[in-house]
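Me: I want to learn how the labels used for a model like this one are assigned. Please set each value against its cut-off before you conclude.

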Amino acid sequence: MKRGRINKYLTALAAALAMLALAGCAWIGDALYSAAKTSEPLSPTAAAVSPAPTEEMVSDPVSALFHGYFKAFSAASHGLTEAVCEAENEEASRLYAEFEAQEALIAKLYAALSQLSRESGALDPEGSDALGSGEMKPDGGFSFRYADGSVLNGAVNDGRSLVCSYTEGGVSARLRLAKISGGFICGMERGSAAGVFELRGGLRFAYGESSLFKGGALVQEEFRVPEGASAFEFSDGALSFAQ
């Protein structure tokens, strides 16, 4: 990556981290989108993020699923931002921006579901601010309309997986988060692009045209990189990637 591009990337990253210090969260997808100049993204915002669930908040299936997920994500991604910046590689930063956009949507999803859980009495409502309105059904189905007009619909299955669609400005994304042996796997499809990442000790992410992921479910028990997709792996502090 050229030095000017790296400086722009780091400037945006610093601005994101400053914003997150005020917001009390750990999601930087929007700022990294601007830095990497990817295609126009959906824009889940840091301000919409609820705190990650703690041990005291896991009495319902939604919180239990996200508690395990955030714990695995924190362990697997520690040091990833620094590794991407140090790599000074445009492909690595592009993939990272796509990965963070997927993470930002998960954060916005959890914010909505935690509000619905509070409203249902599963969580303590103290200090909560309404992000929008919706409902969670006894069978695990849910729907939510955010104050910004974006819409979320989906279902939690047996406390081990979640599928949803998120629509903003006429653009839709489909996301599935699943608990697997030894960790979690998440896939998202938006328009003609798709990404899937795995948290199982380390972190692996693959991204490419949606058509590359056809012929099998986007989210499977075993992580795979389709021929023609780009991918990176982060493990034990080391970042590697391949096209």
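**Labels and their cut-offs**

Me: Why is E198 called buried?
Reply: E198 has a relative accessible area of 3%. Buried means under 20%, exposed means over 50%, and partly exposed lies in between (1.4 Å probe, protein chains only). At 3%, E198 is therefore buried. The model is predicted: local features need pLDDT of at least 70 and side-chain atom pairs pLDDT 80 or more, while totals for chains, interfaces and linings use all residues. Residues are numbered from 1 along each chain as its sequence is written, and side-chain values use heavy atoms, without hydrogens or water.

Me: What makes R200 buried, exposed or partly exposed?
Reply: The relative accessible area of R200 is 25%.

Me: What makes a stretch a helix or a strand?
Reply: Helices (H or I, at least four residues) and strands (E, at least two) are DSSP runs, numbered from the N terminus. The protein has five helices and ten strands.

Me: What does the salt bridge of D148 and K108 tie together?
Reply: The side chains of D148 and K108 come to 2.8 Å, N to O. D148 lies in the loop between β2 (141-146) and β3 and K108 in helix α5, so the pair ties together parts 40 residues apart in sequence. K108 has 2% relative accessibility, so K108 counts as buried.

Me: Why are α4 and α5 called roughly antiparallel?
Reply: Helix α4 and helix α5 (residues 90-119) pack at an angle of about 150°, and their axes are 9 Å apart. Axes are lines fitted to C-alpha atoms, for helices over the stretch in contact, and angles run from 0 to 180 degrees between N-to-C directions. Under 35 degrees counts as roughly parallel, over 145 as roughly antiparallel, 65 to 115 as roughly perpendicular, and the rest as oblique. The two helices are therefore roughly antiparallel.

Me: Which residues meet between α4 and α5?
Reply: L80, T81 and V84 in α4 meet A92, S93, Y96 and F99 in α5, where contact means heavy atoms within 4.5 Å. These residues divide into five nonpolar, two polar and no charged. Ala, Val, Leu, Ile, Met, Phe, Trp, Tyr, Cys and Pro count as nonpolar, Asp, Glu, Lys and Arg as charged, and the others, Gly among them, as polar.

Me: Which residues of α4 are buried?
Reply: In helix α4 (residues 80-87) they are L80, T81, A83, V84 and C85. Just after α4, E88 takes a positive phi of about 50°.

Me: How much of the whole protein counts as buried?
Reply: Of its 243 residues, 49% do.

Key:
Salt bridge = Lys/Arg side-chain N within 4 Å of Asp/Glu carboxyl O.
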